[in-house]
Amino acid sequence: MENLTKIPQHISIIMDGNGRWARQRGKNRVEGHIEGVNSIRDVLRAASDIGVRYLSFYAFSEENWGRPEQEVSFLMELFAQSLLGEKDEMLAGGVRLRILGNRARLSAKLNAMIDQIESATAGGDRITMILFISYSGQWDILQASEKLAKRLAADPAFVPTAQDLSDGLVTAGIPDPDLLIRTSGEQRLSNYLLWQCAYTEFVFSPVLWPDFRREALLDAVREYARRDRRYGKIDGN
Ligand code: IPE
Ligand code: IPE
Ligand code: MG
């Protein structure tokens, strides 16, 4: 296999363009979501092969609840079915699965399934795959702030640090993304990991998510390897 020089520890992906992919083929939008699951599987294998430790996906935003009821319920059903369908391959591949977001808005059935698959894969030590479902960055910062407010109420001398806020986010303990990829040509964050992307490198790909496979991921990693991350300093050291 090609020797890729700089492998991001955490790659995060805003999977976009499923609806347009379907429309281009005269299909219903949901066909794009179905094909998008195949992209997730392929990209997960590729990321695992090159030694990525965390691979996360924006699967459903808080704002996506505003889509037509039919599409929302189809997506919820697709999440449940895919979790079940992919479980064996995840276990075999050493994948630890985590689902992060506003769990209170998910059905009891989906929540139970998530608990079950998270504990079944908890021993996966090759790669952690994170699905953000019913997630938004502002919601995450707000719920972390509420925790800080409680601590402050209990102890007025407490002076919160940035680390304290990070520790209250749903991503606590997970390194911030090194590389964020958004597909389909859109160049915005759409309320994704607002706090966690403070120093993330962004790669925007014109490819629609259902067409985004191994080679496209490797291209993004090559692009990442050419970047000079300076973190506000002069020379990257
Ligand atoms: C991304 O594809 C999947 C989700 C947001 C759930 P879209 O459904 O946003 O597809 P486009 O952007 O309409 O093409
Ligand atoms: C962002 O895509 C959300 C996910 C990929 C889950 P959207 O398609 O919802 O974003 P906008 O509306 O184009 O910003
Ligand atoms: Mg979209």
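A polar contact is a pair of N or O atoms within 3.5 Å. The views below come from a predicted model.

**View 1. Polar contacts of ligand 2.** An N or O atom in the side chain of Arg182 is 3.3 Å from an oxygen atom of ligand 2. Arg67 also places a polar side-chain atom 3.3 Å from an oxygen atom of this ligand. For Asn64, the distance from a polar side-chain atom to an oxygen atom of ligand 2 is 3.0 Å.

View 2. Ile14, Met15 and Asp16 are among the residues around ligand 2.

**View 3. Ligand 1 and its neighbours.** The residues around ligand 1 include Gly17, Gly19, Arg20, His33 and Leu75. Asp16 has a side-chain N or O atom 2.8 Å from an oxygen atom of ligand 1. The side chain of Arg29 likewise has an N or O atom 2.8 Å from a ligand 1 oxygen atom. Asn18 uses its backbone: an N or O atom there lies 3.1 Å from an oxygen atom of ligand 1.

**View 4. Helices H3 and H4.** H3 spans residues 69-92, and H4 spans residues 108-120. Their axes come within 10 Å and cross at roughly 15°. Angles under 35 degrees count as roughly parallel, so H3 and H4 are roughly parallel to each other. The crossing is left-handed. On H3, the contact residues include Met76, Phe79, Leu83 and Lys87. On H4, they include Lys109, Met113, Gln116 and Ile117. The contact residues divide into 12 nonpolar, one polar and three charged.

Notes:
Residues numbered from 1 in each chain as written. Chains lettered and ligands numbered in written order. Predicted model: local features only at pLDDT ≥ 70, side-chain atom pairs only at ≥ 80, totals over all residues. Heavy atoms only, no water. Axes fitted to C-alpha atoms, helices over the stretch in contact; angles between N-to-C directions. Helix = DSSP H or I, 4+ residues; strand = E, 2+ residues; numbered from the N terminus. Parallel < 35°, antiparallel > 145°, perpendicular 65-115°, else oblique. Left-handed = near helix turned anticlockwise from the far one by under 90°. Contact = heavy atoms within 4.5 Å. Nonpolar A, V, L, I, M, F, W, Y, C, P; charged D, E, K, R; others polar. Near = heavy atom within 4 Å. Polar contact = N/O pair within 3.5 Å; in protein donor to acceptor, adjacent residues only side chain to side chain.
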